[in-house]
Amino acid sequence: RAVAMSVSHSSRLNKLVREQYMRLPQDGRVQVTYVWIDGSGEGVRCKSRTLDKEPKSIEDVPEWNFDGSSTAQAEGSNSDMFLVPVCMFRDPFCLDPNKLVLCEVLKYNRKPAETNLRHTCKKVMDLVKDSHPWFGMEQEYTLLGINGHPYGWPDNGFPGPQGPYYCGVGADKVYGRDIVESHYKACLYAGVKICGTNAEVMPSQWEFQVGPCEGIEMGDHLWMARFILHRVCEDFGVVATLDPKPMTGNWNGAGCHTNNSTEEMRREGGLKHIEAAIEKLSKRHDYHICVYDPRGGRDNSRRLTGHHETSNIFEFSAGVANRGASIRIPRQVGQDGYGYFEDRRPAANCDPYAVTEAIMRTTVLNETGVETKDYAEH
């Protein structure tokens, strides 16, 4: 009974009845679901419309609009916001030929909404495109019951201490694998560049990885992977939280470790370029902490304590194979002398556009200090 109580009412509806309708033909018309980031900078919203034929490219998907006063993005007296399609995926929920379309949000005056961090990220990625930056992001998340308690945890207590859960197997060690595997398949179907998944250190905590992606593609694919995760969890009646420290005490937090390389780092002898990038990052720690969660570092202050495989938020550190450092050089990279580095500071609820843009500003465009340069004026 306790397990049944922890899932949503809608998840208990008869899914076989739904399947009867989902199999009906569409007579050539296509359902397109527009997805966007809301005023919180963390939540995603969506709505759908019908197109007369299947869009073959993003240019075939028309702009749309929505009520920004209901998403904390506009005043009620001037509430229309523009949805500008930027990236299209197959729809794993309604199936082919239907589409999921990620959108940028513009205000009434066609300027980017405050939480549209893709806009400046795209400018920066265009500036650094000759260095061919690759990214891979490791998205940690925690499954919660509808009651807000970690899914599968005892109602009035805690599971055993951390240790057996990371990459665990068995009903007493992992909770919610059905959700994880459904999400993985849905991402593969959609065309999201998901590249792996594993159970994490805290029970009911999981991780998936997206990449390698070049430039702006990283943010596009991670945001769509997050949308698909929330949508899969909705079907199962549970909640996925990206809170960086969902449980206080002796439990691991949740990050979004970001792996990065440029073309010169991936070549023979690239380690010297990796070390040069780390040196630049070391001098701009405060700036990066400020953009690595949606609250200017306040969320990360709960997670980056120097314990539970994290660095201390107040200190910059780097090392080979060191999971307690700000920046980790993987052991294999140290041995090979080329490859990539891992920035372990971004919080699970970071905006991937902000994180990847910041890394490029510091390591490729050589920005310093806490101010960013506005390249639109040059």
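In this predicted model, strand β5 contributes four residues to the lining of the largest cavity, the most of any contributor. The largest cavity has a volume of about 100 Å³, and a search of the whole structure finds two cavities of 30 Å³ or more. Among the residues that line the largest cavity are Leu 102, Cys 103, Glu 104 and Val 105, together with Thr 115, Asn 116, Leu 117 and Arg 118; the lining also includes Ile 37, Gln 73, Val 86 and Tyr 353.

The open spaces are described next. The largest pocket has a volume of about 520 Å³. Of the 26 residues that line this pocket, Leu 117, Thr 120, Val 291, Ala 354 and Glu 357 are the closest to its centre. Helices α3, α8 (285-291) and α11 are the elements that each give two or more residues to the pocket lining, and α11 gives the most, with four residues. Leu 117, one of the residues closest to the pocket centre, is also listed in the lining of the largest cavity.

Helix α3 spans residues 118-127, and within this helix Arg 118, Cys 121, Val 124 and Met 125 are buried. Seen down the axis of α3, these buried residues fall within an arc of 125 degrees, so they line one face of the helix. The elements that cover the buried residues of α3 include strands β4 (80-90), β5 (99-106) and β6 (134-144), as well as helices α5 (217-236) and α11 (352-363).

An unreviewed UniProt entry lists residues 30-110 as "domain: GS beta-grasp".

As for the cysteines, the structure holds zero disulfides. Cys 167 is in no disulfide, and the nearest cysteine sulfur, that of Cys 195, is 14 Å away. With a relative accessibility of 41%, Cys 167 counts as partly exposed. The sulfur of Cys 233 lies 11 Å from the closest cysteine sulfur, which belongs to Cys 187, and this is too far for a bond. Cys 233 counts as buried, at 1% relative accessibility. The sulfur distances for these two cysteines are set out below.

| Cys 167 | Cys 195 | 14 Å |

Methods
Residues numbered from 1 in each chain as written. Predicted model: local features only at pLDDT ≥ 70, side-chain atom pairs only at ≥ 80, totals over all residues. Heavy atoms only, no water. Buried < 20%, exposed > 50% of the residue type's maximum accessible area, 1.4 Å probe, protein only. Arc of directions from axis to C-beta. Contact = heavy atoms within 4.5 Å. Disulfide = S-S within 2.5 Å. UniProt positions renumbered as here; feature names shortened; annotations may be inferred. 1 Å grid on protein atoms, 1.4 Å probe; cavity = no way out; pocket = protein on both sides within 12 Å on 5 of 7 lines; lining within 4 Å. Points joined across faces, edges and corners; volume = space filled by probe spheres on them.
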